[in-house]
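These notebook entries record what I looked up in one structure.

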Amino acid sequence: MHDSTRPTLLIVDDSPENLFVLSELLQPLYRVLAANNGERAVQIATTVPRPDLILLDVMMPGMNGYQVLQALRADALSANIPVIFLTALCNPREEERGLGMGAVDYITKPITPAIVLARVSTQLQAKQARDWLQDQNATLEAEVARRMTENDLIQQVSIRALAHLAETRDPETGKHLARTQGYMALLADLLKDHPRFQSTLTPRCISLLTRSTPMHDIGKVGIPDHILNKPGKLTNPEWAIMQSHSKLGSDAIELAEQDIERPLEFLTLAKEIAHWHHEKWDGTGYPDQLAGDAIPVAARLMAVVDVFDALISARVYKAAISFDKARDIMAEQRGKHFDPDIVDTFLANFAAFVAIAVQHRDDAVISA
């Protein structure tokens, strides 16, 4: 058998006679390396090719076998190499000590060739099985990670597809989805350490919020075209129908939830956003006239995000307004339409939100 295909053994013993005897016994079957002291053994064990198994004498000058084993286990390069102790000591306590430190076996001196060969073969087979299992686990973990990434992408694409379905009914919104996702991610991140929101806005929640944002107007698919795209002011009956899009959206998401075995967090947030993003802090919004903290945090964030983008964007029924004018309107609605702490954070970082709007500008739609 060629050396490169044979398992590599490292024999460590301060006695030249013992090194010779063991080398002669093992070389016909294995690639054999030798060290006559502990320091050299540690050096060999951490260089390539690393041994598959170490036969280690206990009683040596300088570093004894226990100290060598300790050093091997402390180094990531050698921590998993199995070690068989070679010793003339027959004290069971010494054997117990070595096994407790991580040795896989004990061979007493003087050695019996058949026993040495059998013990070495057994430990190499065990290592081979461990290595194979580790490789399988690594492969499995990589496959799981690949599938999770794939599922994540499918989920995101599905959300965007559903959201774009609503957008096709209201084509002038342009890059509204990309902008609102950007605003939401930034606003939630800015508020994550705020005493009122830090327990809610965890990194996972922020990720799910950002993912859920495009679903906010999905209920518009249920609004008739003559109302959705009416250039003039809506009549009271028409406005009532337009307002129903929030409940239509949350109802659609709830029906989707009923088709799965367990609830998904991002759908729960999407439902909150769709249903309540038109509620107002002072209780004058719709559909349920919720007020203050009774409005879910996700919906309060979405209210700021959605109104800002609506103000700076052209619609069939209105022109876009400037960023400065939008900022003034948002500030005026503090404590009325918007949660004061949320809109204060938005206004304090207004330039960053303008940058997102400009980055995803739809030239014919968004203000300058």
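**Entry 1. Helix 6 and helix 7.** I examined this pair in the model, which is a predicted one. The axes of helix 6 and helix 7 cross at roughly 160° and come within 8 Å. An angle over 145 degrees counts as roughly antiparallel, and helix 6 and helix 7 are therefore roughly antiparallel to each other. I noted the crossing of the two helices as right-handed. From helix 6, the contact draws on Gln181, Met184, Ala185, Ala188 and Asp189, and from helix 7 on Ile206, Leu209, Thr210 and Arg211. Sorted by class, the residues of this contact are five nonpolar, two polar and two charged.

**Entry 2. Helix 11 and helix 12.** I then turned to helix 11 (residues 265–276) and helix 12 (residues 297–312), whose axes come within 8 Å and cross at roughly 55°. That angle makes helix 11 oblique to helix 12. Helix 11 passes helix 12 in a right-handed crossing. On the helix 11 side I listed Leu269, Glu272, Ile273 and Trp276, which meet Ala298, Ala299 and Met302 in helix 12. This contact comprises six nonpolar residues, no polar residues and one charged residue.

**Entry 3. Nonpolar cores.** Which residues touch the most other members of the largest nonpolar core? I found Leu187, Leu201, Leu209, Leu301 and Phe308, out of 42 residues in that core. At least two residues of the core come from each of helix 6 (176–191), helix 7 (203–212), helix 11, helix 12, helix 13 (323–332), helix 14 (340–348) and helix 15 (350–359). Helix 12 gives the most, with ten residues.

**Entry 4. Val104.** Where is Val104 found? I located Val104 in the loop between helix 4 (92–101) and strand 5 (105–108). Its relative accessible area is 31%, so Val104 is partly exposed, the range for that class lying between 20% and 50%. Not counting residues up to four places away in sequence, Val104 touches Pro82, Val83, Ile84, Leu99 and Gln123. I also looked up the pair Val104 and Leu53: 51 residues separate them in sequence, and their C-alpha atoms are 10.0 Å apart in space.

Note on methods
Residues numbered from 1 in each chain as written. Predicted model: local features only at pLDDT ≥ 70, side-chain atom pairs only at ≥ 80, totals over all residues. Heavy atoms only, no water. Axes fitted to C-alpha atoms, helices over the stretch in contact; angles between N-to-C directions. Helix = DSSP H or I, 4+ residues; strand = E, 2+ residues; numbered from the N terminus. Parallel < 35°, antiparallel > 145°, perpendicular 65-115°, else oblique. Left-handed = near helix turned anticlockwise from the far one by under 90°. Contact = heavy atoms within 4.5 Å. Nonpolar A, V, L, I, M, F, W, Y, C, P; charged D, E, K, R; others polar. Core = buried A, V, L, I, M, F, W, Y, C linked by side-chain atoms within 4.5 Å. Buried < 20%, exposed > 50% of the residue type's maximum accessible area, 1.4 Å probe, protein only.
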